[in-house]
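Trainee: I would like to take a close look at a single part of this model, and then see how it sits beside some other local features. Could you take me through it slowly?

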Amino acid sequence: MSQADTASAEKLGAFLAASRLLTGEDRLDRDLAGAYLASLSEASSETLAKLLAAAARASAASDPAEAMKTELAADPEAAAGAKSMIYLWFSGALRFPDGPRFVSEQAYFGGLIWRCVGAHPPALSGGYLGHWRYLPDD
Amino acid sequence: MTDAPEHAPVVVVGSGVAGALVAWALAARGVKVLILEAGQAGAERTALVGAYAAATIKSPRSPYADVQPGSPVVSPDNENDYLQDGTAKYKSTYLRRVGGTTWHMLGNMPRHVPADFRLKSRYGVGVDWPIGYDDLEPWYCDAEDALGVSGDHAQLDGMLGARRGRPFPMSRIWPSWGDLKVSRALQGLEIDGVAIEAMCTPQARNSRPYDGRPACAGNSSCVPICPIGAKYDATVHLKKAAAAGAELRSRAVVSRLRADPASGRITGLDYIDWSQAPFATRTLTADLVVLAANAIESPRLLLMSGVANASGQVGCNLMDHLQGQGAAILPEPVYPFRGPPTTVGIDAFRDGPRRESRAAFRMSIGNDGMGRTETPLDTLGKLVDQGRFGRDLRAALRDRVSRQFRISYSTEVLPSQANRLRLATETDAFGLPRPKLTVSLDDYNRRAFAEARKIIAAIFDRLGASETAFATDPDAYTGAGHIMGTCRMGVSPADSVVDADCRAHDHPNLHLVGASVFPTCGTANPTLTIAALALRAARAIGDGLGAPR
């Protein structure tokens, strides 16, 4: 791997680690992670850097979630970055005043919110006829 | 030597459900049919789903780039896309593309009830239809077979007097887990002496593989697109019509119907062919024309052409179903956003003596959370803004969204001369005058809004709901997507545009199909009645042409 590749792989790794901590979801799609990293870097690379650093510190603590809360309370910029990142993972979209802008079709379908609430993204149920008659599987 | 204009024995203007069914029914009897569609066929279904997925506002038009700005045929997507000058707003939209508005319909298929055809005789309001429920009943059965409607025959047979001649072709769409929970909780509930019962909503959504199309997989995006074609759309009958020999010509905007003043016969029409640049105007002669362009575009064409309007009723009596909702958080999960957006409703208020003074209404129990009051992404935004993350956020999201609920109501509008469509001076991309709409809100509907909200509040009470939310403005309503009434059916040429067979009083070889012919609109989604009337009219047209059955 070239130096640039190593750096970007590390960055993606750090992004995924922060994303796991902030979304509470261990299984995150790497392709979406790459796209989201690019979107958020473009929006504000400084904010993202602060956020990833805060997440790295919190992950090393004995109670990462509590540590992250403290980190975000102390740094409003990182907190704002966290909100954008969390919203993006759960919805597949960046938040704008006129509504959510989906990063891509895949991002819309990959939004974490749907499985979280026991449903599916509208237009992609992945389900069999009548599955809605029963409680969600998860 | 000049070329004689092309001749078409039968021309159908419009490729929505009404036009598609007439074209199919006639072609199947050996009639040569040409369908002219203003819009285009556009992208394949998967591309439509992709456009929907990427759309910020998942509006009815969002999947359909082919009728958005950039295309010369642009379909309205909300009330601001119309020219309007009334004291209220007309809010329902349509799709001007191959297959028409069925692409984004919800797909609910209730029938009118008998009283809907006799509003004047029974309640002293509105007008009577020149036909009754019994005249249309066999055609309702045929329409249910044609579209593929799933429903509970035993439950609906005889409801509000609407007897059913035969079962649905498919059994009812399974209600959701949440629907069953709510239905059980409502058992035994009476409001003002009326039993509140969750009735199956018949819908053109396959509950098993049917007619070469798959069963519903619960994609929950019926409005605006079914990803798999389990929901009916009119391309089903366009394909059948083509297989039977009909020709579909798209990107053909009919701009004028021509009539012979002496005989009153329609002799032909002009259309603008925008399949090439510059656009070309073409003329053809026809023996018979069926106008099926929806209740805005059909009267618009008649007004532009100066035909079929001795009654003065063309464009008048514009109707919609005016809708509203109550949203709430229930004490226990119902897990919305699974299955079709609604599978059950409350039909008890669709008829009754109160119609003398207030609109009838149908209520739908929703599977789609709180609707516009708070979407799942609204909830996400709120919780994220509170600083929540990780497992705490996930738990809070699931807890709240799983308990989101709504009940909507859909009220009948009475026909009124003053609610109408006229031609504006503004023109469209083809230089044709745009429609201008004038509507107002009547106390007949205001009283219905108030009563429906009261009933929903009582239901919420029974369910132990909290955070109940209704529109703050008592006059607020949304459009149902049901455009009706502008070329109404009637006995007399003095006050109606078509007769009971949908033949124009003024022109023996011009028929109108679609919801433009509805004299009153009841509370049912119009598509099934459109289909029944279209099949009935097609039978009369075919018989008139001497076509073998």
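At which residue does α2(A) bend, and by about how many degrees?

Mentor: The bend in α2(A) falls at A:S44 and amounts to about 115 degrees, a value computed from a model that is predicted. The distance between the helix ends tells a related story: α2 of chain A runs over residues 30-60 and has 31 residues, yet its end C-alpha atoms are only 22 Å apart, whereas a straight helix at 1.5 Å a residue would reach 45 Å. At the start of this helix, a side-chain oxygen of A:D29 comes to within 2.9 Å of the backbone nitrogen of A:D31.

Taken along the principal axes, the C-alpha atoms of chain A fill a box of roughly 50 × 35 × 35 Å.

The crossing of α1(B) past α12(B) is right-handed. On the α1(B) side the contact is made by B:V17, B:A18, B:L21, B:V22, B:W24, B:A25 and B:L26, and on the α12(B) side the residues include B:I530, B:A534, B:L535, B:A538 and B:I541. Residues three or four places apart on an α-helix point the same way, because such a helix has 3.6 residues a turn, and the spacing of B:A18, B:L21 and B:A25 in this contact can be read with that in mind. By residue class, the contact of α1(B) with α12(B) divides into 13 nonpolar, two polar and no charged.

Some backbone details in the loops of chain B also deserve a careful look. Most peptide bonds are trans, and most residues other than glycine have a negative phi. Against that background, the peptide bond from B:V223 to B:P224 is cis, with omega near 15 degrees, and B:P224 lies in the loop between β6 (199-200) and α7 (235-243) of chain B. Another cis peptide bond joins B:A277 and B:P278, where omega is about -5 degrees, and B:P278 is found in the loop between β9 (266-273) and β10 (280-291) of chain B. Finally, B:L160, a residue other than glycine, has a positive phi near 55 degrees, and B:L160 has its place in the loop between α5 (153-156) and α6 (177-186) of chain B.

Key
Residues numbered from 1 in each chain as written. Chains lettered and ligands numbered in written order. Predicted model: local features only at pLDDT ≥ 70, side-chain atom pairs only at ≥ 80, totals over all residues. Heavy atoms only, no water. Helix = DSSP H or I, 4+ residues; strand = E, 2+ residues; numbered from the N terminus. Expected span 1.5 Å × (residues − 1). Bend = angle between axes of the 7 residues up to and from the residue. Polar contact = N/O pair within 3.5 Å; in protein donor to acceptor, adjacent residues only side chain to side chain. Left-handed = near helix turned anticlockwise from the far one by under 90°. Contact = heavy atoms within 4.5 Å. Nonpolar A, V, L, I, M, F, W, Y, C, P; charged D, E, K, R; others polar.
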